[in-house]
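Q: I would like to learn how to read a sheet and the helix packed on it. Could you take me through the general idea and then the case at hand?

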Amino acid sequence: MKKVNYFLAALLGLSIQFAEAQVKKGSVLIKNATVLTVTNGTLENSDVLVQDGIIKKVGQNISAPNGVTTIDATGKFVMPGIIDAHSHLGLDVVNESSAPIVAEVRMKDVVNPYEVGLYRALAGGVTISHAMHGSANVIGGQNATLKHRYGSTDPADIIMQDAPRTIKFALGENPTRVHGRGNNIQPRTRMGVEAIIRNGFNEAIQYQKAWDTYNAASSKKGSTAMPPVHNERLQILSDILNDKIIIHCHSYRADEIYMLINVARDFGITKLVFQHTNEGFKVAPEIAEYTMGASVFADWWSYKFEVYYSTAYNAAILTENGALTSINSDDAELIRHLYHEAAKTQRYGGMTDEQALAMITINPAKQLGIADKVGSIEEGKDGDLVIFDGHPLSSYTVPQMTFVDGVKYFDIKEDADDQRIKVSPTQMVEPIMLYGGHESNCMQDTEHLFETTNSLFHTNY
């Protein structure tokens, strides 16, 4: 059994190396810019050298090695590529809403590299997004961390192969509507949501014990022990219990946030990030003490009943209480100006430039487990960079160029007007938005389950 595991591990390592070898790596020297490193302050009139996709030098008076393109960024600002910790970009279908627990499904199996939204995100300086399963399930599918290497037609090229595994959980109204009211099964209430999680983990513990018993018996001479039947769903839950997978949990209400904190503590789980977290400000000290923080909207709420109560000061309150906080989009349009969303924390909460920029760079990188590779401008990290014509937190600034692994994927002056890879004769370059307010992408493909509910709230009397 051990030999098989070693072989599989070696095969996985080789496959990752092969995938990485296919990815383009670039070299570029950006000179004379104001460099916003995020982690090491602001460097005036400085240079950043990227070679073979990696930041090699940050400082002044750096000379370009032979064959390396030089870009004069005098008067401009350079910052790390923006990271969106909650997105559904590059996914055509996001909800496997057939059961309360569907941990076995994987978003990386359905990534669409042709989606022009990836390019539009690059135009907003976003180099990495967390492509998440939807929130129809209490325990949803496994997510995929994407690098926006737009132009490739191979999904493997835009998946960040060495990023840690993550999975989607969801609390509250979404799973109770889909399963309780939609399919008349548990959970129908918020209590039922907790029960689903606890029962799933307890079943996974028994599953792991069965494998432990078998492994111990099979190692003995002359053993005739039979292995348990493999169950992918329970194996994934077991990996969560062993902190091999980071939970990213859709949440709104403070009582439910605190409930999941208690569940995680009971089962010894430490890798937990709350998503949306609209009432996080009510339990900010608990989030800071027991979790990997919260990824929040800057100022979106009241688009359904359980999100009625929130505040634009949420991110600032969480930050001031020591909770690692990021700003996300959950939206293909909002992702294009996350730097504006980060700036709102200065209007509502007085965050410093460093704090605000951290919420769209190093903080989401930490929540995704990739801060050793991206999220700040440091030697040895990936060459994911954005050049702005002004300070990124100004409402007047516009991104000029975006680099991933040192390769330029967006240039406002040189790119064609239509950057679609696979052009459809019926698809518009810019969709026309006929509705107002926020439509949660987390509930894509479940609309048919809410027809009765929607008619009750939209009937004209």
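Q: In what order do the six strands of the open sheet lie, and what is the sense of the pairing?
A: Strands of a sheet pair through backbone hydrogen bonds, either parallel or antiparallel. In this predicted model, the six strands of the open sheet follow the order E8-E10-E11-E12-E13-E14, and their pairing is mixed. Strand E8 (139-142) and strand E14 (325-327) are the edge strands, each pairing on one side only, and neighbouring strands are turned against each other by 25° on average, with direction ignored.

Q: How do strand E13 and E14 pair, and over how many bridges?
A: Strand E13, which covers residues 294-296, pairs with E14 in the parallel sense over three bridges, and Ala294 stands opposite Thr325 of E14.

Q: Which strands does helix H7 lie across?
A: Helix H7 (residues 254-267) lies across strand E11 (245-251) and strand E12 (272-276), and runs at about 165° to E12. From first C-alpha to last, the 14 residues of H7 reach 20 Å, close to the 20 Å expected at 1.5 Å a residue. Just after H7, Gly268 takes a positive phi of about 75°.

Q: Which residues of H7 are buried, and what covers them?
A: Counting a residue as buried when its relative accessible area is under 20%, the buried residues of H7 are Ala254, Glu256, Ile257, Met259, Leu260, Ile261, Val263, Ala264 and Phe267. Their cover includes the strands E11 and E12, together with helix H5 (190-218), helix H6 (232-241) and helix H8 (284-290).

Notes. Residues numbered from 1 in each chain as written. Predicted model: local features only at pLDDT ≥ 70, side-chain atom pairs only at ≥ 80, totals over all residues. Heavy atoms only, no water. Pairing = 2+ DSSP bridges. Helix = DSSP H or I, 4+ residues; strand = E, 2+ residues; numbered from the N terminus. Axes fitted to C-alpha atoms, helices over the stretch in contact; angles between N-to-C directions. Contact = heavy atoms within 4.5 Å. Expected span 1.5 Å × (residues − 1). Buried < 20%, exposed > 50% of the residue type's maximum accessible area, 1.4 Å probe, protein only.
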